[in-house]
Amino acid sequence: QLPYKVGSAFSHIAQFMPEVSGCPIWCNSTMSYKSFGQQAPRRCFEWTGFGGFLDLAGKLMGYAGMGDLIPSVTASMHQWFEQFSQSLATPFPQDLVDLACRSTHGQRALAASGQKVFEELALSIITPLLNNLSA
């Protein structure tokens, strides 16, 4: 087993995208109910561990195709992925939370950046392993 948690990180960012998670996001200490009326689904408030987020990874991959890559967002996301892979307690960067809270366009940019960073990190982990196997 390798000590990487990039899959968990990728699934974790989906919580900042209501179109993916089906749940509102916290913005400025208040819940954003943009598309939920007055009630959010109960599952949004039930912690089920990271296993509860795994279904979001596939949804997030598809959603990422709707977003624009923004270099500064990708850089911040890359730094967070690296830190999160070392400690699951690493908070999501406030600048990225703020971006998600500002607009759906921002949420989609987060998804696109998250997908790019996930791909880059996954390839950087897998390529050396495959090279060792073929040597």
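**View 1. Salt bridges of the predicted model.** Two salt bridges (a Lys or Arg side-chain nitrogen within 4 Å of a carboxyl oxygen of Asp or Glu) are found in a search of the whole structure. This is a predicted model, in which local features need pLDDT of at least 70 and side-chain atom pairs count only at pLDDT 80 or more, while totals for chains, interfaces and linings use all residues. Residues are numbered from 1 along each chain as its sequence is written, and side-chain values use heavy atoms, with hydrogens and water left out.

**View 2. Arginine 108 and glutamate 19.** The closest N and O atoms of this salt bridge are 3.2 Å apart. Arginine 108 belongs to helix 6 and glutamate 19 to helix 2 (residues 18-21), so the pair ties together parts 89 residues apart in sequence. Helices are DSSP runs (H or I, at least four residues), numbered from the N terminus. Arginine 108 is partly exposed, at 24% relative accessible area; buried means under 20%, exposed over 50% and partly exposed in between (1.4 Å probe, protein chains only).

**View 3. Lysine 116 and glutamate 120.** In this salt bridge the closest N and O atoms are 3.1 Å apart. The two residues are four apart in helix 6, which means that about one helical turn separates them. Lysine 116 is partly exposed, with a relative accessible area of 33%, and glutamate 120 is partly exposed at 35%.

**View 4. Helix 1.** Helix 1 (residues 6-13) is largely enclosed by the rest of the structure, because six of its eight residues are buried. The buried residues are Val6, Ala9, Phe10, Ser11, His12 and Ile13.
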